[in-house]
Amino acid sequence: MNPANNTVALPLDLPLQAEGLLLSVDDNGLIQVLIEGRRWPCQRAASCLLTPQVDDRVLVCRAGEQLWLLAILVRAQPQQAAELHCEGELSLSASQKLTLRSPQFHLEADNGECHIDQLSYRGEKISAWVTLSRLFGQRCESVWENLTQISHHLLRRTTHTEQVRAGQLDVKTSQLTRLRAPTTLISSESLTRVDGKQIHMG
């Protein structure tokens, strides 16, 4: 028989500090704790960031005429996901190094900002699915063993000088290839060849 079904709140002296079994948590944050066969209403202390669950062993302390749940001593289901929750903003700070380590990492937010003076990333794979991407900077350098780009439309605009250094350059279009400039120079050391059914010069 569950002793919680036969317990009622009695007008007894509140315990100064005791260990109890968490029975329930309502929508208003009121917590019912079973202490030595009696049910006591408690409020969760602000310092108890770990969200309490039913059947947890908790530490209760009295302050005036109010009982406060200070800490969770033993979780009923240790393998269950733990949640740190506070009503307002939550900030983590360290004077030196802050390390997060886990086999899996999940971050979810409506809006986010990241300010890092220097960032180094090392990993095996990265995938990003976005609707719009904008990058602004003064200089960009990238080194790839293989690079593939696939797009429906590609616009590249260079206001000053664009240079291409390649061992072989192959340009193929299904319809039209056009080079237009006030001055166009084509030179080669050994051979220059132009093939076509019709060739118009001038």
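**Entry 1: Q32**

I looked up Q32 first, in what is a predicted model, and found that Q32 counts as buried, because its relative accessibility is 17% and the cut-off for buried is under 20%. I placed Q32 in strand 2, which spans 31-35. Leaving aside the neighbours within four places in sequence, I listed the contacts of Q32 as L21, L22, L23 and S24, together with R39, W40 and P41.

**Entry 2: the nonpolar core**

I then turned to the largest nonpolar core, which has 13 residues, and noted that V33, I35, V58, V60 and L69 are those with the most contacts inside it. The elements that give two or more residues to this core are strand 1 (17-25), strand 2, strand 3, strand 4 and strand 5 (66-74).

Which residues other than glycine did I find with a positive phi? One of them is E36, with phi near 50°, and another is D55, with phi near 80°.

I located E36 in the loop between strand 2 (31-35) and strand 3 (38-44), while D55 sits in the loop between strand 3 and strand 4 (57-63).

**Entry 3: the whole protein**

Stepping back, I counted 0 helices and 5 strands in the protein, and from the N terminus on I read the order of the elements as β-β-β-β-β. The radius of gyration is 34 Å, well over the 17 Å that the globule rule gives for 202 residues, so I take the protein to be more spread out than a compact globule. Along the principal axes, the C-alpha atoms fill a box of roughly 105 × 40 × 25 Å.

I noted that buried residues make up 13% of the 202 residues, and that the protein exposes about 20800 Å², of which carbon and sulfur atoms supply 49%. Among contacts between residues at least 6 apart in sequence, I found that 51% join residues at least 24 apart.

Last, I looked up the charges: the protein has 20 positive and 22 negative side chains, and the centres of the two sets lie 13 Å apart.

Technical notes
Residues are numbered from 1 along each chain as its sequence is written. This is a predicted model: local features need pLDDT of at least 70, side-chain atom pairs count only at pLDDT 80 or more; totals for chains, interfaces and linings use all residues. Side-chain values use heavy atoms; hydrogens and water are left out. Helices (H or I, at least four residues) and strands (E, at least two) are DSSP runs, numbered from the N terminus. Buried means under 20% relative accessible area, exposed over 50%, partly exposed in between (1.4 Å probe, protein chains only). Contact means heavy atoms within 4.5 Å. A nonpolar core is a set of buried Ala, Val, Leu, Ile, Met, Phe, Trp, Tyr and Cys residues joined through side-chain atoms within 4.5 Å. The radius of gyration is taken over C-alpha atoms; the globule rule is 2.2 Å times the number of residues to the power 0.38. Accessible areas come from the Shrake-Rupley method with a 1.4 Å probe; for residues, only the protein chains shown count as cover. Lys and Arg count as positive and Asp and Glu as negative; His and the chain ends are not counted. The place of a charge is taken as NZ of Lys, CZ of Arg, CG of Asp or CD of Glu.
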